[in-house]
Amino acid sequence: MEPSLPFPSACLSHWHRGTRSFPHLNANRYSKVPPTTKYAIIGSGISGALTAFSLIENGTNPSDILILEAREAVSGASGRNADHIRPDAFCNFPRYSSLHGPEQAIKILQNEKRVLEHTRAFIVAHGIDSDFVDTCTFDVCMTLESIDAQESALAPYKEAGGDVSQVQIHSGVEAQLRTRVRSALCAYEWPAASNNPAKLVQWILSDILGKGAMLWTHCPVDEVSKLEPGRV
C-alpha cells in the first residue's frame, strides 16, 4: 500500500468513547504551527509518545520536541485497538523459523514476552491508571487437526531451546472447565494482560507536555524538510 493520510472522520472506538475528557485531545488545533523544530515526531500514538518520553528521559530539552498528529490526539491504532497484551508463546515459531531461522525465531517470541513485562513495569513504576490487569490467555483446540498443529509448533520450539516454562497444557474436561468452551479437546494457557490503550498513551502525552514538549493536532504531515543546522 502507498503511504497515505488517515481518514479525516474515523469512527470512535470503545476506548476513545471513555477518554473524551482528555484535555489535550485537540491541542493547538487552531494555532499556527512552529516553522521549525529540532525533533519532529509524526503521530501521537504509543510509538510517537514513547519516543518523546525517551528523548526527554535521556536529556533532550522538551521544548525541542514537536509531535504532529493528523487528527485528534491518540486517534489512530493506539487508541482504538483491543486491550489485549497477548504475547505469542510458541504458536508462530515454525513460520518465523522458516523465514528467519530458529535462533531469530526464538528472539522474536522472547521480544513479545518482553513487551508484556516492560509494559507492566512502566505502568507500575509511574502509577498509571490505565486499567492494567494481569490475566491469562488460551489457545483452544476444538479439532484433532488443531491439536496436531499446536504440537507441531511446540515441539520444535522446545527442541530449539525456547522457554515454555509458563505454558500450561489442559486436556479433556480440564480444558473445558478452564476455558468454558464445552467442545474444547485441549487448551494451551500462558500469561497475558489487559490494558486501556488510550488511557496509557494519554498519560504519556500528559507527562511530556507537562515538561514542555509540544503537540499539534489536526496537523497532517505531507512533507518534511531538513534544515541546517539539524532542524526540520
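In the predicted model, F132 is found in the loop between α5 and β4. Leaving aside residues up to four places away in sequence, F132 is in contact with I85, L116, T119, R120, I123, A193, S194 and N195. Two of these contacts, I85 and T119, also belong to the residues that lie closest to the centre of the largest pocket. Two others, A193 and I85, are bridge partners. F132 was also compared with S78: the two are 54 residues apart in sequence, and their C-alpha atoms are 15 Å apart in space.

The loop between α5 and β4 also holds D131. The phi angle of D131 is positive, about 60 degrees, although D131 is not a glycine. D131 is partly exposed, with a relative accessible area of 39%. A positive phi, near 55 degrees, is found for V74 as well, again in a residue other than glycine. V74 is placed in the loop between β2 (65–68) and α3. The relative accessible area of V74 is 1%, so V74 is buried, the limit for this class being under 20%.

Strand β6 covers residues 186–194, and eight of its nine residues are buried. For this reason β6 is largely enclosed by the rest of the structure.

The largest pocket holds about 500 Å³ of space. Its lining is made up of 20 residues, and those closest to the centre are I46, I85, V115, T119 and L200. Several elements each supply at least two lining residues, namely α2 (46–57), α3 (77–80), β3 (84–85), α5 (102–126) and α8 (197–210). The largest share comes from α5, which gives six residues. Sorted by class, the lining has 11 nonpolar, seven polar and two charged residues.

The second largest pocket contains about 320 Å³ of space. Its lining consists of 23 residues, and P6, I42, G43, S44 and E69 are nearest to its centre. Two or more lining residues come from each of α2 and α3. The largest share, three residues, is that of α2. By class, the lining of the second largest pocket includes 12 nonpolar, nine polar and two charged residues.

Terms used. Residues are numbered from 1 along each chain as its sequence is written. This is a predicted model: local features need pLDDT of at least 70, side-chain atom pairs count only at pLDDT 80 or more; totals for chains, interfaces and linings use all residues. Side-chain values use heavy atoms; hydrogens and water are left out. On a 1 Å grid over the protein atoms alone, a cavity is a set of points where a 1.4 Å probe fits but cannot get out, and a pocket is an open set with protein on both sides within 12 Å along at least five of seven lines; lining residues have an atom within 4 Å of a point. Grid points are joined across faces, edges and corners, and a volume is the space filled by probe spheres set on the points. Helices (H or I, at least four residues) and strands (E, at least two) are DSSP runs, numbered from the N terminus. Ala, Val, Leu, Ile, Met, Phe, Trp, Tyr, Cys and Pro count as nonpolar, Asp, Glu, Lys and Arg as charged, and the others, Gly among them, as polar. Buried means under 20% relative accessible area, exposed over 50%, partly exposed in between (1.4 Å probe, protein chains only). Two strands pair if DSSP finds at least two bridges between them. Contact means heavy atoms within 4.5 Å.
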